[in-house]
Amino acid sequence: MNKLIIPILMILMLASGCFYMNGSPIGGSQIPTITSFNSSPSSISPGDPATLTWEVSGATSVTIDQGVGSVAITGTRAVVPAVTTVYTLTATSAGGTASATTQVVVAGMPSPTPSPTPSPTPTPTPTPTPSPAGYPVVHYFTANPASISSGGSAILSWSVSNAASVVIDQGVGVVGLAGTASVSPVTTTMYTLIATNAIGSYLATINVFVGAAPPPAGKPDLVITDISRSGNTITYTIKNQGTAAMGEATTSRLRIDGVTKSYDPVVSLAAGASKTETFATYTYACSGVSDSVEVRADVYNNVEEIDEANNSKSVTMSCMITVIPGPLVATLTLKPDLVITDIWKSSGKIYYKVKNQGLAKAESFKCTLYIDGGYKATDDVSYVNAGSEITQQFASYTWICLIGPHSVKVIADAAGLRDETSETNNELVKTITCGP
């Protein structure tokens with residue numbers, strides 16, 4: 001830190017237009033030097049005396065306020081303050097004025113409120129004399145806003161007293177005792193303010209959090225969020241996760257094992273909305289143990305989107321059920337299989353999609369909501385048919401979302417009421433970012 005203080009003080013001296021060597025300015029009269037000014041004891045009981053002691057050199061006159069008056073350049077003086085009092089020593093010469101303070105604390109007595117006095121014109125001194133407070137005081141160091149999007153900026157603001165220099169890292173540099181600075185970090189960054197005087201340095205830190213840049217405004221973005229089968233019909237969910245409604249109709253395409261089977265027109269979809277569609281003209285027939293099923297949105301590129309590379313989704317559909325021959329056939333039981341396929345926030349409410357990808361109906365069960373690891377709410381689901389997906393919300397819970405990213409988890413059948421094909425795939429965790 002001492003290596004940092006020396007160049008900072010040199011910058012301050014250059015800015016003031018004065019150079020010092022051995023305590024004297026080159027080409028001018030000497031400024032007084034206050035070697036010491038203190039009180040002993042520094043804390044007294046009411047009615048007890050304290051002794052002020054000082055040593056000054058290079059001065060033509062020395063005075064102490066609070067009624068003490070003119071004194072010798074070196075000496076002592078007994079004082080009996082009625083309340084906690086700050087004494088100011090002022091040393092004057094042809095070269096300028098230097099001052100120092102010391103405080104006598106009277107136990108049980110408050111400090112008097114000082115009368116406002118005009119601020120004197122500061123005079124540079126070779127070695128700044130610290131106040132009784134000692135280290136520099138950082139009144140505040142803030143960032144507004146504290147969380148920005150990538151490419152955005154924040155304003156750092158600060159106020160410092162009792163410091164000879166103030167520096168902020170991360171490229172901000174030497175600054176004044178109070179001020180502001182605009183910063184545009186690429187990633188989440190900690191800024192450190194270092195306030196320094198002859199006693200030492202005091203550090204304060206502030207974080208500017210950087211999140212992902214928002215999507216470009218004014219365009220839709222079509223994605224397929226789910227593909228399912230209901231009997232011989234292929235059903236899918238298409239969502240516009242962009243920031244504008246679709247300007248015109250579009251077409252979705254179905255492929256089975258890489259072969260085009262059907263098309264489905266999609267007429268309209270508002271920003272943030274989703275809808276479930278079916279390939280009504282196509283009758284699905286299993287072709288083996290399993291099929292690769294792909295659905296692509298906007299196959300003819302009729303809609304100009306934010307992202308043209310995320311329109312497709314593929315799933316594997318099982319086509320056969322292996323039945324064990326012999327007496328064990330009577331014990332074979334088809335089961336549901338519940339999974340959470342999507343989670344999102346709208347107007348303070350948490351919505352989710354729950355799908356039964358098993359081969360039997362799932363009777364009533366409960367889903368639970370956790371945000372940043374903490375339990376928030378439970379939602380009752382009456383039933384979900386085999387191969388079907390439904391949209392639910394945690395109606396009893398309103399989320400007041402703080403700025404920044406949050407981990408949101410929904411668990412299907414959290415109480416384990418339903419006997420499922422798999423008990424390890426019931427939950428989904430998504431990151432939802434809140435911000436201005």
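Tutor: What follows is an account of selected loops and their backbone geometry.

The model is predicted: local features need pLDDT of at least 70, side-chain atom pairs count only at pLDDT 80 or more, and totals for chains, interfaces and linings use all residues. Residues are numbered from 1 along each chain as its sequence is written, and side-chain values use heavy atoms, leaving out hydrogens and water.

Most peptide bonds are trans, and most residues other than glycine have a negative phi. Against this background, the bond joining Ser40 and Pro41 is cis, with omega about -10°. Pro41 belongs to the loop between strand S3 (33–40) and strand S4 (43–44); strands here are DSSP runs of E of at least two residues, numbered from the N terminus. A cis peptide bond also leads from Asn144 to Pro145, where omega is near -5°. Pro145 sits in the loop between strand S11 (137–144) and strand S12 (147–149).

Two aspartates have positive phi values. Asp298, with phi near 50°, occupies the loop between strand S24 (290–296) and strand S25 (312–318). Asp298 is buried at 1% relative accessible area, where buried means under 20%, exposed over 50% and partly exposed in between (1.4 Å probe, protein chains only). Asp372, whose phi is about 50°, lies in the loop between strand S28 (365–371) and strand S29 (374–381). With a relative accessible area of 48%, Asp372 is partly exposed.

Terms used:
Helix = DSSP H or I, 4+ residues; strand = E, 2+ residues; numbered from the N terminus.
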